[in-house]
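Q: Could you take me on a close look at one helix of this model, and at what surrounds it? I would like the surface, the pocket and the nearby side chains in one connected answer.

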Amino acid sequence: MAGIVVLLPKDFGYIILTIIAYCFVNLYMQLQVNKARKKYHVSYPALYATEADTKDYKLFNCIQRGHQNSLESLPIFFVLMVLGGFKHPLICSCLGLVYTITRFFYLKGYSSGDPKGRLPIGGFNGIALLGLVIVNITFGTMLCLGKICMICTFLIVLGITIGLLFGFGVFTDGFHKIKNVFHYSQSHSYSHVVYGRTCHGS
């Protein structure tokens, strides 16, 4: 056991703590879904509710989907954290912390019943995950120590960047998604200001 600890980077503990932090966030999500099941009378093994189950089926489905979406990315997140953490523990830990926080707000926003509510803060979890992907690409390239691998890495990063900006393949409308996050956040803030003035005036 001591030999394994010696081989790990000195800051690898931050990786472990970040993963544990995400585990607590995931536990919180599970509790929210269980609470919603009891409140809206949605029993197992049904994953999502229908109109026949409860009149608030859309609200329950938003809560459930917020958790389910996080579970879909969980294995990728853990693998990228551990592998990237072998070389860049502090960078991966910071990106992991951002991912964990945004995932929390992703569920909170989704739980409002408005799917767009997940975007203002929660929508940035994809950027944190992309950062982890890039860190792992650079780490893999360094291990290969070859010019061909460097060229491949450059092409991959270039492809991801172009896909994110202009939208194609797995990053369809990526740029527009990011733009919508800011647009929704600004319009949401503006509506609160207008509402506040109206209430104050009345």
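This is a predicted model: local features need pLDDT of at least 70, side-chain atom pairs count only at pLDDT 80 or more; totals for chains, interfaces and linings use all residues.

A: Of the 202 residues in the protein chain, 32% are buried.

Let's turn to helix α2, which spans residues 13–40. Helix α2 is the main contributor to a nonpolar surface patch, giving the most to it with seven residues. The patch covers about 790 Å² and is made by Tyr14, Ile16, Leu17, Ile20, Phe24, Leu27, Leu31 and Leu90. Take Ile16 as an example from this group: Ile16 lies in helix α2 and has a relative accessible area of 44%. Ile16 is therefore partly exposed, as that value falls between the 20% and 50% cut-offs.

Helix α2 also has a part in the second largest pocket, where α2 gives the most to the lining, with six residues. Two further helices join in: α2, α3 (57–85) and α4 (89–110) each supply at least two residues of that lining. The residues that line the pocket are Tyr28, Gln32, Lys35, Ala36, Lys39, Tyr40, Leu59, Ile63, Leu107, Lys108 and Ser111. The space in this second largest pocket is about 200 Å³.

Side chains of opposite charge can pair when their charged atoms come close. The structure holds one salt bridge, and its partners are Glu72 and Arg65, with the closest N and O atoms 2.9 Å apart. That separation is within the 4 Å limit, so the pair counts as a salt bridge.

The cysteines complete the tour. A search of the whole structure finds zero disulfides. Cys92 is in no disulfide, and the nearest cysteine sulfur, that of Cys94, is 9.4 Å away. Cys92 counts as buried, at 0% relative accessibility. Cys62 is buried as well, with a relative accessible area of 8%, so each value is under the 20% cut-off.

Technical notes
Residues are numbered from 1 along each chain as its sequence is written. Side-chain values use heavy atoms; hydrogens and water are left out. A disulfide is a pair of cysteine sulfur atoms within 2.5 Å. Buried means under 20% relative accessible area, exposed over 50%, partly exposed in between (1.4 Å probe, protein chains only). Patches are made of residues with over 30% relative accessible area and no salt bridge: like charges are joined within 9 Å, nonpolar side chains (Val, Leu, Ile, Met, Phe, Trp, Tyr) within 5 Å. Accessible areas come from the Shrake-Rupley method with a 1.4 Å probe; for residues, only the protein chains shown count as cover. A salt bridge is a side-chain nitrogen of Lys or Arg within 4 Å of a carboxyl oxygen of Asp or Glu. Helices (H or I, at least four residues) and strands (E, at least two) are DSSP runs, numbered from the N terminus. On a 1 Å grid over the protein atoms alone, a cavity is a set of points where a 1.4 Å probe fits but cannot get out, and a pocket is an open set with protein on both sides within 12 Å along at least five of seven lines; lining residues have an atom within 4 Å of a point. Grid points are joined across faces, edges and corners, and a volume is the space filled by probe spheres set on the points.
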